[in-house]
Amino acid sequence: MLRLWRGRSGRGFLSIRYKLMTAAIACILIPAALSQLVYNSLTQDAVQRQAIANAQDSLLLVDSSVTSLLNSMVNIANYIQMNADMNTYFKLVVSGKTEGNDDYRKFMDKNRILQQLDSLTVSEKSYVTVLLTDGTTFTNYSTSDYNPSALLEEPWFHHLNDLKWLSSYWIGTSPNVFKYIEEEKPYQISLARTLRRDDSRIYGYIVVTFMEQQISRLFTRLSSEQEVMLLDGENRILSSGDVTQIGRVFNDIGATAGRLNTTIETVGGTKYLITEQPFTFNDWRLVSKQRYEEAIVNISSIFNRVFLVQFSALVLFLLLLLALLRAFTKPLVQLGKTASAVQRGNLSLRSGIRGRDEIGRLGFLFDQMLGRIQEMLAEVSDTQARKRKAELKMLQAQIHPHFLFNVLNSIRMKVLRRGDPESAKMISSLSTLLRMTIKNEEDEIYLHEELELLSHYVDLMNLRQKEEVRLSLDIDSEAMLMRVPRFFLQPVVENALIHGFSQRAGHIRIHAEMRSKVLVIEVKDDGIGMDEEALKALNAKLAAAADAGGSAMDRGAGGAFSGMGLVNVVERMRLLRGERFSMTAESVAGHGTIIRLILAYERADNDV
């Protein structure tokens, strides 16, 4: 979001507006963040302790009901085991010493025992079985629903022989044996005890059974997020709100702590609050499992509301501060935009910033400075234009006398009449060059006219050469109509004649073509060329001349057709065309030199 400005150096810097905004935000957010961290660290332990206390209170609420249910099973067994009348009758039945053979008496005694067993179930339905060693059974349910003698085949039954007098054997969860309620209540939980004589011999067994559903429905008193289970000593699930979990091992908790205890465990990357409450009469325990986030949600919501109020106030204050900073720095931003536009060359733009403070004063002085700079540039531009025209006219005036043309024309006619056409041709070439100098006051001519002058110049230079230099032209038809500065190719060809051939024969090729809106001219010679060091030095001079933008004429235009040199050509063309002109050199020692000139152009119809 921070705006980045780039200068000519290419290095970015932040605007003063965003520096102020960043500093303000940092000064507010950093202390606020530190305060929030301290606040969270101070309240985290308190939230955790409260969540643990809530989980333990919820589990104790269920524990009282489950303990009461399991104790009722123990009480039923205790009642039967301690009831003298029932135990006396059971012993008589086992020993076969019941009174007489009176069937009515037997029926009444047995019915009395059954009524006592039925009276043991008050609030919760229990299934009580008394199984004597002689095979006699007494139950508070119909034996057509379940044959109590089948208990002898259960895998746990032989463990009962190891029980002491009042010890109980908790059988745990097993499939429901009462078929008529099997689908509705698939599991049962049982307790077993022995009936012993004074000499500790077993004469019977007591089995008290409750339905597992009677326990699991007690778990519904807690919230749906809290999962409660009844575990045995091996962490096997005996009862749960999810029937599919019964019989599985609960691996998220270790051995019992022997007391009410809560731990925070991480399971599958999620933190859980696990609370246990063991029973005193067996090795079973109640366990609750709840996601830690859900356990603290109500507590955290209070802190979240406080944080939301603080955060809202912070955001509103920040927005107000940013709005004020934006208003205060708006003149600076406007001044920066104006400076960027001026950097791109738009000197007519003004900031319009006024005021009684330092920024208003700065805006006024900046606009005043721009006006002065614009006036000075106009003066410099006008002066340079006049100077360029004066330099060109001075160059033309060096061979300006009209009488030279008339004299040369008379000499050419006399030579021709004496039968020396070659000398007459040379005088004609010189005359043509003079005519172009005298009659044409324009700064630019067509390229084909420049090339015609160049061919005459080469013919004249061949008079001075020991061996003849050939000139060949390869010019694109569109390039022929370009307007170019007069005599701008002559110094290039002169450089090739003097330095490239040194009075030896050679070949100069001039190639010109249009590339989009750019004219590319290449002057190639097959002279002695230059080594790499000399080529680098020449290109460095050409680049320096282009960057300096000085006047070619001030460093000596020694004549109209000689003495300017390549550097002077660059300086002259930069005066006329500015950055639209460039010149580079390529050369290989012994293989010649290529001078490449690139310039923007105007066609004859003045289309750019």
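Which residues does Gln-277 touch, not counting residues up to four places away in sequence? In this predicted model, the residues that Gln-277 touches under that condition are Leu-59, Leu-60, Asp-63, Arg-259, Leu-260, Arg-285 and Leu-286. The protein has 608 residues, of which 41% count as buried, and its secondary structure comprises 14 helices and 19 strands. Among the contacts in the protein with a separation of 6 or more, 62% are accounted for by residues 24 or more positions apart.

- Gln-277 has its place in strand E11, which covers residues 270-278, and with a relative accessible area of 15% it is buried, because buried means under 20%.
- Ser-288 is eleven residues from Gln-277 along the chain, and the C-alpha atoms of the two are separated by 9.0 Å.
- Asp-63, one of the residues that Gln-277 touches, is found in helix H1 and counts as buried at 11% relative accessibility.
- Leaving aside neighbours within four places in sequence, the contacts of Asp-63 are with Gln-277, Phe-279 and Leu-286; Leu-286 is also listed among the residues touched by Gln-277.

**Helix H2**

- Helix H2 runs over residues 84-95, and its twelve residues reach 16 Å from the first C-alpha to the last, which is close to the 16 Å expected at 1.5 Å a residue.
- The buried residues in H2 are Met-86, Asn-87, Tyr-89, Phe-90, Val-93 and Val-94. Because they cover an arc of only 160° around the axis, these residues lie on the same side of H2.
- The cover over the buried residues of H2 includes helices H1 (16-82) and H3 (103-119), together with strands E3 (127-132), E4 (137-139), E6 (187-196) and E7 (202-211).
- At the N-terminal end, H2 is capped by Asn-83, which has a side-chain oxygen 3.1 Å from the backbone nitrogen of Asp-85.
- Just after H2 comes Gly-96, which takes a positive phi of about 75°.

**Helix H3**

- Helix H3 has 17 residues and reaches 24 Å from its first C-alpha to its last, close to the 24 Å expected at 1.5 Å a residue.
- Asp-109, Ile-113, Gln-116 and Leu-117 are the buried residues of H3. They are placed on the same side of H3 because the arc that they cover around the axis is only 105°.
- On the other side of H3, the residues Asp-103, Tyr-104 and Phe-107 are exposed, whereas the buried residues of the helix pack against H1, H2, E3 and E4.

- In soluble globular proteins, nonpolar side chains tend to be buried together.
- The largest nonpolar core has 41 residues, and those touching the most other members are Ile-508, Ile-510, Leu-519, Ile-521, Met-583 and Leu-597. Helix H10, residues 447-464, gives the most to this core, with six residues.
- Not counting residues up to four places away in sequence, Ile-510 touches Leu-451, Leu-454, Leu-471, Ser-472, Leu-473, Asp-474, Ile-475, Val-493, Ile-521, Glu-522 and Val-523.

- Most residues other than glycine have a negative phi.
- Asn-235 lies in the loop between strand E8 (227-231) and strand E9 (237-240), and it is buried, with a relative accessible area of 11%.
- Phe-487 likewise has a positive phi, near 65°, and lies in the loop between strand E15 (483-485) and helix H12 (490-501). Its relative accessible area of 7% makes Phe-487 buried.

**Annotated segment**

- An unreviewed UniProt entry lists residues 307-328 as "transmembrane region". In the model, the chain over residues 307-328 is 100% helix and 0% strand, with its end C-alpha atoms 31 Å apart.

How values were computed. Residues numbered from 1 in each chain as written. Predicted model: local features only at pLDDT ≥ 70, side-chain atom pairs only at ≥ 80, totals over all residues. Heavy atoms only, no water. Helix = DSSP H or I, 4+ residues; strand = E, 2+ residues; numbered from the N terminus. Buried < 20%, exposed > 50% of the residue type's maximum accessible area, 1.4 Å probe, protein only. Expected span 1.5 Å × (residues − 1). Arc of directions from axis to C-beta. Contact = heavy atoms within 4.5 Å. Polar contact = N/O pair within 3.5 Å; in protein donor to acceptor, adjacent residues only side chain to side chain. Core = buried A, V, L, I, M, F, W, Y, C linked by side-chain atoms within 4.5 Å. UniProt positions renumbered as here; feature names shortened; annotations may be inferred.
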